[in-house]
Amino acid sequence: MLKQVWQENLPRETLSFDVLAIPRQPTQLLTLDEVRIRFRVWEGGQWREVRTQPHRLQRDLYALQPAHEGKILIYTDGAGWQWTEKELISEPPTRTVPIGRLIDKEGIARIVCYDHQEQAPYYYVLEKPLLNDQFYIAPDDLLAGEIQSLVMQIPRSAVQWNAFYTNGYRFIALLRATEKSPARIYGVAQDRVAQLEIRQGRPNPLQRVNLPSIGTLRREMPMCVRYGDPKEEKETRLLVMQATRERVLLTAFSV
């Protein structure tokens, strides 16, 4: 059942966020502002900062674990790092602009990018030959069993996702409450979260929950959607960040 579980305010300069689950360590909430990435853990009813990483003019953030070759990778819209306990090591950025992340059927985290020429989202598998390593994502692919979980933005120009965009959805997520739970599909609009059924490539809402009304959303990065368990509640949460010029609110939903 889709329902709101908790809310937390984030620093108002926050542009993006993600959740990094590290084996044998506390789960970390990563937030990105104009100059740095901040790593925080939930402790004693509040977020405690444990690390920062400077960057230059980045606007979006994705954390992948376990990624290719077992790495823990952090991507922004123009940079990449490998996470280690002692430091972050520079990695090549994504091929094109990142718009999401997924876990494939092998349990490996992949970055989702956007192909402006094809007007379609895709992910790539570095273990495969270069000419055969790119896979496009259409709505019906969420039902095919190739993807364990996913969250991604829906670009306005994505042709096969047009029915979602015109219905107000700006993010799509495929989630499981636990590893063995059935997959559920969620769409996130500026005013609501909906559990969806996909019929012939079109979204059909099964349940809807309104998002908190916090005022007029800012123009740059008004929303950000991810999933994870930043408070270590042993359940995956659908996480929705809403941002005005004065306030940034993170809301967690059960799935």
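Mentor: Start at arginine 247, which is partly exposed at a relative accessible area of 34%. On this scale buried means under 20%, exposed means over 50%, and partly exposed lies in between, with a 1.4 Å probe and protein chains only. This is a predicted model: local features need pLDDT of at least 70, side-chain atom pairs count only at pLDDT 80 or more, and totals for chains, interfaces and linings use all residues.

Now place arginine 247. It sits in the loop between β20 (237-243) and β21 (248-254). Strands are DSSP runs of E with at least two residues, helices are runs of H or I with at least four, and both are numbered from the N terminus. Follow the chain back to leucine 10. Arginine 247 and leucine 10 are 237 residues apart along the chain, yet their C-alpha atoms are separated by 7.7 Å. Look at the contacts too, where contact means heavy atoms within 4.5 Å. Leaving aside neighbours within four places in sequence, arginine 247 is in contact with Asn9, Arg12, Ile214 and Gln242.

Step back to the whole chain. It has one helix and 21 strands. Its radius of gyration is 17 Å, close to the 18 Å that the globule rule gives for 255 residues, so the chain is as compact as a globular protein of that length. That radius is taken over C-alpha atoms, and the rule is 2.2 Å times the number of residues to the power 0.38. The C-alpha trace spans about 45 × 45 × 35 Å along its principal axes. Of the contacts with a separation of 6 or more, 48% join residues 24 or more positions apart.

Next, the inside. Buried residues make up 56% of the 255 residues. The largest nonpolar core has 31 residues, and Leu64, Val188, Val193, Leu238, Val240 and Phe253 touch the most other members. A nonpolar core is a set of buried Ala, Val, Leu, Ile, Met, Phe, Trp, Tyr and Cys residues joined through side-chain atoms within 4.5 Å. Beyond four places in sequence, the contacts of valine 188 include Tyr169, Phe171, Val193, Leu211, Met223, Leu238 and Val240. A second, separate core of 24 residues includes Ile154, Tyr165, Ala194 and Ile198. In soluble globular proteins, nonpolar side chains tend to be buried together.

Proline 66 lies in the loop between β6 (61-64) and β7 (73-76). A cis peptide bond joins glutamine 65 to proline 66, with omega about -5°. Leucine 73 belongs to strand β7. Leucine 73 is buried, at a relative accessible area of 7%. Not counting residues up to four places away in sequence, leucine 73 touches Tyr62, Ala63, Leu64, Ala67, Trp81, Gln82 and Glu91. Glycine 145 lies 72 residues from leucine 73 along the chain, with 24 Å between their C-alpha atoms.

Glutamine 82 is found in strand β8 (residues 80-83). Its C-alpha atom is 5.7 Å from that of isoleucine 72, 10 residues away along the chain. Contacts of glutamine 82 outside four places in sequence are Lys71, Ile72, Leu73, Glu87, Leu88, Ile89 and Glu91. At 81% relative accessibility, lysine 86 counts as exposed.

Two loops hold backbone angles to check. Leucine 57, in the loop between β5 (46-54) and β6, has a positive phi of about 55° although it is not a glycine. Leucine 57 is exposed, at 66% relative accessible area. Methionine 221 lies in the loop between β18 (202-210) and β19 (223-228). Its phi is also positive, near 50°, in a residue other than glycine. Methionine 221 counts as buried, at 18% relative accessibility.

Finish with the charges. The mean positions of the 34 positive and 31 negative charges are 4 Å apart. Lys and Arg count as positive, Asp and Glu as negative, and His and the chain ends are not counted. Each charge is placed at NZ of Lys, CZ of Arg, CG of Asp or CD of Glu.

Methods: Residues numbered from 1 in each chain as written. Heavy atoms only, no water.
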